[in-house]
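Student: Could you help me read my protein model? I would like to go through it step by step.

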Amino acid sequence: MIGRREAAPAPRGSSEGLWRQALAGWGWVRRDRRLRALAGASGFFYFFGGFFGALYVLFALRVLSTQPAILGLLIASGGSGHSWAQARPAD
């Protein structure tokens, strides 16, 4: 009811540590081929995406001689353009 206080839920204590839970989850991912494929694709994407992001900035600053403020504006406009495109209704 409104205005009536509820008792706080009791904290759920775990007898297992964080590392043990993480290893149990990793074992679950290794056993399921779909989860294993998703984890591999995600790792691949983020690992090489990090390289791309770093090299993109270095290329723009050193090779194209872009000013850092201009590069920041270009990246920000790309992000806002993406948000605008996602918000538009499909034709």
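Tutor: Happy to! Keep in mind that this is a predicted model.

Student: Which pattern does the chain follow along the sequence?

Tutor: Start with the elements: the chain has 3 helices and 0 strands. Reading along the sequence then gives the pattern α-α-α.

Student: How do the directions of H1 and H2 relate to each other?

Tutor: Helix H1 spans residues 18-31 and helix H2 spans residues 33-63. Their axes come within 5 Å and cross at roughly 105 degrees. Angles of 65 to 115 degrees count as roughly perpendicular. Therefore H1 and H2 are roughly perpendicular to each other.

Student: What kinds of residues make up the contact of H1 with H2?

Tutor: From H1 come Trp28, Val29, Arg30 and Arg31, and they meet Arg33, Leu35, Arg36 and Ala39 in H2. Sorted by type, the residues of this contact are 4 nonpolar, no polar and 4 charged.

Student: Which residue forms a salt bridge with Asp32?

Tutor: A search of the whole structure finds 1 salt bridge. A salt bridge needs a side-chain nitrogen of Lys or Arg within 4 Å of a carboxyl oxygen of Asp or Glu. Here the closest N and O atoms are 3.6 Å apart, and the partner of Asp32 is Arg34.

Student: Is Arg34 buried or exposed?

Tutor: Exposed means over 50% relative accessible area. Asp32, at 23%, is partly exposed. Arg34 has a relative accessible area of 59%, so Arg34 is exposed.

Student: What percentage of the chain's residues count as buried?

Tutor: The chain exposes about 8800 Å², with carbon and sulfur atoms supplying 65% of that area. Buried means under 20% relative accessible area. Of the 91 residues, the share that counts as buried is 5%.

How values were computed: Residues numbered from 1 in each chain as written. Predicted model: local features only at pLDDT ≥ 70, side-chain atom pairs only at ≥ 80, totals over all residues. Heavy atoms only, no water. Buried < 20%, exposed > 50% of the residue type's maximum accessible area, 1.4 Å probe, protein only. Axes fitted to C-alpha atoms, helices over the stretch in contact; angles between N-to-C directions. Helix = DSSP H or I, 4+ residues; strand = E, 2+ residues; numbered from the N terminus. Parallel < 35°, antiparallel > 145°, perpendicular 65-115°, else oblique. Contact = heavy atoms within 4.5 Å. Nonpolar A, V, L, I, M, F, W, Y, C, P; charged D, E, K, R; others polar. Areas by Shrake-Rupley, 256 points an atom, 1.4 Å probe, with all protein chains shown as cover.
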